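Reader: I would like to learn how to read a model like this one. Please take it feature by feature.

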Amino acid sequence: MVDTVPAPLRNWGVLAAALFVLWVLAAAPGDWSNIGSQFVAGLQIGAIAALGGTGLVVAYRATGVFNFAFAGIATIAAFIMYELTTKNSLPEWLGLVIVVGGVAPVIGGLMDVVVFRSLERRSAGTAEKLVANLGVLILLLGIGGVIYQETAYQPNFVFSSKQAFSIGSGSSAVSVSWGVVGNVAMIVGAAGLLILVFRFTPLGRQVRAVVDRRGLAELNVVNANRISMLSWAIGAMFAALAGVLDAPVVGLQNGALALQVLQIIGVAVIAKLRNIGAAVAAGFGLGVVGSLSALIETPHYPHWLHWVHLPSLNQDIVVQLPVLSTLAFLLIYRTLDESDGGGTGGIVTASFSRARRRTAAATVQGALGVLAVVIIVPAVITGKNLVTAQSVVAYAVCFLSIVAITGYSGHISLATAAFAGLGGYVTVRLSNGLWPLPTTATLPHVPQIVAMIIGGIVVIPLGVLIGYPALRRRGLILGLITLAFAQIIEQFVFQKPSWSSAGRTITRPGLFGFSLSGDRTFLYYELVVLGLILLLVRNLRSGALGRILGAMRDSEKGAVSVGISLRRYKLLIFGASSFIAAIGGSLLVQQQGTLNLNQDGPFSPLAGLYWFGAVVVFGLSYRSGAILAAVLYVSVDVATGRTNSSLIVIGAVALFIGYLPGGVIGSGLRVFSGDGIDDVSPAQRSLARFAAERRRRETAPPPGTGLKPSAFAEKLLVGGGE
Amino acid sequence: MTVAAAPVRLRGARLEVRDLTKSFGGFVAVRDASLVAEPGQVTSLIGPNGAGKTTLFHCVSGIEPPDAGHTILDGQSLRGMTPDRRARAGMARTFQILELFGGLTVAENLQVAVEGRSVSRIWRDLFSLRHPDNPEVEAQVQQALDLVGIGHLAHRPAGSLPTGLSRLVELARALCTEPRVLLLDEPASGLSTAETDRLHRVLSSLADLGLTILLVEHDIELVMALSKTIYVLDFGVVIAAGTPAEVRANPDVRAAYLGADPDEVES
């Protein structure tokens, strides 16, 4: 692919990172006398990461699909285990057998039969499989959320924490618990078995054959269905094991556990998504290094740096090691995803402005209709519905950011909620007279609307930063990079008291002395913002800019071959999309009155996944898709009175995205008007348009002068050649 | 043809490839390849499948960085230049594996090529309410389409066209960048006889007008009829160069490519 990051720069980056680690170790020596027990504790955590990572690798290797759903399977498995053992006092071993040996393979098998088998048959693109898989995650977490809400439970440990044996003697003796032994035995046994099977049995060869060329393997009498079902089942068993073992350690809470488990993605990434042995090593490596880094003392920062509250290194390394290493390795590895290069076929459809140009009368009618809706509806609805509508509008703005980045330019971004959260964060801090930084230094209070615009602008450079990796990467890898970015923002900003403990509330804005705080006025204010954002998004799809972004989405090689600078337009679209998300997040915060940065809140990395799923379901390429997605996302929860119930709907539809090319709207347009889909040729409309243009050209004097040599060449051909 | 009476000439550029080497892992796809394509001529590059022709094109157009060697355009080395800058410097190309913008109409594919190089309109488009089409651009697009004989397809979605027509769209798109050098990767494959004839006429007139054309093509008849100079690539090495007659007579070439089994020439 196009090489835009010069190799020296990358090498310097790696060197700088290595030097930083050395500096940390050299400048901040700590008390290393506990190294033995910290090492053992690291093994216990590392084994869980290794299990999850191995499951991801197995599923990816055998099916070519990155199994985001593993976090959902882990969560559901942990809840069932909790019901069986902690609540109903079944022995742990029996619970383990039921959950890991029974429930998990059934979930994995169902995923294969219901979802992925048909996608495989239809040779669906990577994007469709990715979305279907996200659908499984959203569905499972939706079910978990509806049943258990956001309550935190504490399950029993699977293995006893009593000492199994100890190493050494006297005061330096290191005690090793049954928990450590059990976890390590699980991963070593399971991964060892898998490696043996893959390497030495006919089954292993068949798996490799199926991954390589499914159709060809089937011709050679390999039962591909059986192989992929087996792989999903094995992947699910590993995920369940990781969830069941992790839940007692980190606590059992629907979204929070999934977020923890999602960090295990780093293990699979380090293993290049394919190598089981490397996944096991990476899991243990991350566990042990993270555990040991707790011993490091934070260095004394120079006094002039005390203006901001600097991170405590040991804490930050422990917490952020998995996601930081995920991001680092995603950037370092040059080739990871071996699937079809990251197209967005199937989930994105092309319907360009030119093909859908309306007459002036239709435009006026449409505009009047929209005006009627946005003026009358807010005027007639009341009370709770007014609040629901406010929420819908704010989410619609957030979702439009996804339409811009993925629908119009073909880049999968799962970090939208993080950008929205940052926009909200900046707005709240500024309007409270605080810097949007980890400092308690104060500022003059900034009016909310100004703070919102500043929030949007402040986030643009971050969006552009995320755009840089996208110069060379698309599809799954870009999705993982953006997810890692969202996780880093979550842990480094949202969950840090030094960043965000003070000033979490905001009052509704006013404009020129006129208060917008009433529910109805606030809704009108939101609608104005939504209208402006809709215009901006429309401009990303029309005119020369829209054509260029569409061209880039369809073929990057083709685009550069006609002189389009990928860098310029990719950074532009990432900047624009992060701006839109930030404005949406700011609106949401103003609407709610508080900045909710909780892990089950609207700005967590999981929300980014949910939002993406919601927009895909309705149609990534349509502005109306974003608006309908917002309506569904908000109103199902309101209608059922249970949070998370919209996730069940979104997840369930996303499973079948393969049958809905272009989402609900894209498919609907195809059915009802034959419009909006590439393979349906709008022949009559084109013909009419073509004829009209021809007429216009023939009646008008030919534009341009002798500058266009092709005109001459045409004359030459027509005159002399034929 | 009446070239002498031409009121306008296209400014071609002398394209020189010097000692170009590119390997993938241990496999050397192109080794020390050198060639020159002069303005006003069709220069062809032929060789069996897998000889490294497309790799050489990718290196010349900047899509793959070469391990060693230069591409020189009118005496100026393009080393380190990104493919889009090379395109703006006058290097246009088509692809063996099609790289059309499938979601855009044929005309829009070409419009992008005309508009993609200038930045000024973009910021205006981002913040303005109306995006009127530029009639000059539209005319230029229609002319390019008519030139290659597909004017009637202007408003078809590009993704819906068969391969042969798609190749013509790519050619028309390349012409819209106001190129000085045209790199054509198997433009005739998938074309009907009539379309190939038209392509033949178009290419020879473009060369007569002054463009530099570097052609990779398996249709030997077309290559022999069009080219002034032919380079033969085999296992990444230039094994022969010369006029069509000289190349035809070269025993190495006969052995490697033209000779023993004429069936191999196809595909």
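Reader: What kind of model is it, and how are its parts numbered?

Author: This is a predicted model, in which local features need pLDDT of at least 70, side-chain atom pairs count only at pLDDT 80 or more, and totals for chains, interfaces and linings use all residues. Residues are numbered from 1 along each chain as its sequence is written, while chains are lettered from A and ligands numbered from 1 in the order in which they are written.

Reader: What does the confidence look like in chain B?

Author: pLDDT is the predictor's confidence in each residue, from 0 to 100. Chain B has an average pLDDT of 86, and 93% of its residues score at least 70. Residues 1-7 of chain B have a pLDDT below 50, and this stretch has 11 contacts in the model beyond near neighbours in sequence. Residues 261-267 of chain B are also below 50, with 6 such contacts. A contact means that two C-beta atoms, placed from the backbone, lie within 7 Å. Where pLDDT is low, the predicted coordinates should not be read in detail. For the model, ipTM is 0.89 and pTM is 0.86.

Reader: What is the make-up of chain A?

Author: Helices (H or I, at least four residues) and strands (E, at least two) are DSSP runs, numbered from the N terminus. Chain A has 29 helices and 4 strands. A residue is buried if 20 or more other C-beta atoms lie within 10 Å of its own, exposed if 12 or fewer, and partly exposed in between, with C-beta atoms placed from the backbone. By that rule 52% of the 722 residues of chain A are buried. Among contacts in chain A with a separation of 6 or more, 79% are between residues 24 or more positions apart.

Reader: How many residues does helix H9 of chain A have, and what span should they give?

Author: The expected span of a helix is 1.5 Å times one less than its number of residues. H9(A), residues 224-250, has 27 residues and should span 39 Å; its end C-alpha atoms are 38 Å apart, which agrees. Of those 27 residues, 23 are buried, so H9(A) is mostly covered.

Reader: Which residues of helix H5 in chain B are buried?

Author: Among them are Val137(B), Val141(B), Leu145(B) and Val148(B). H5(B) covers residues 135-148, and its 14 residues reach 20 Å from first C-alpha to last, close to the 20 Å expected at 1.5 Å a residue.

Reader: How are strands S1 and S2 of chain B joined?

Author: Two strands pair if DSSP finds at least two bridges between them. S1(B), residues 15-24, and S2(B), residues 27-37, run antiparallel and are joined by 7 bridges. Leu15(B) has Ala37(B) as its bridge partner, Glu16(B) has Val36(B), and Leu20(B) stands opposite Ala33(B). The two strands form a hairpin with 2 residues between them, and Gly25(B) in the turn has a positive phi of about 60°.

Reader: Is Gly503(A) buried, partly exposed or exposed, and why?

Author: Gly503(A) counts as partly exposed because it has 18 C-beta neighbours inside 10 Å. Its place is in the loop between H19(A), residues 497-500, and S3(A), residues 510-511. Leaving out residues up to four places away in sequence, Gly503(A) touches Val428(A), Arg429(A), Asn432(A) and Leu434(A).
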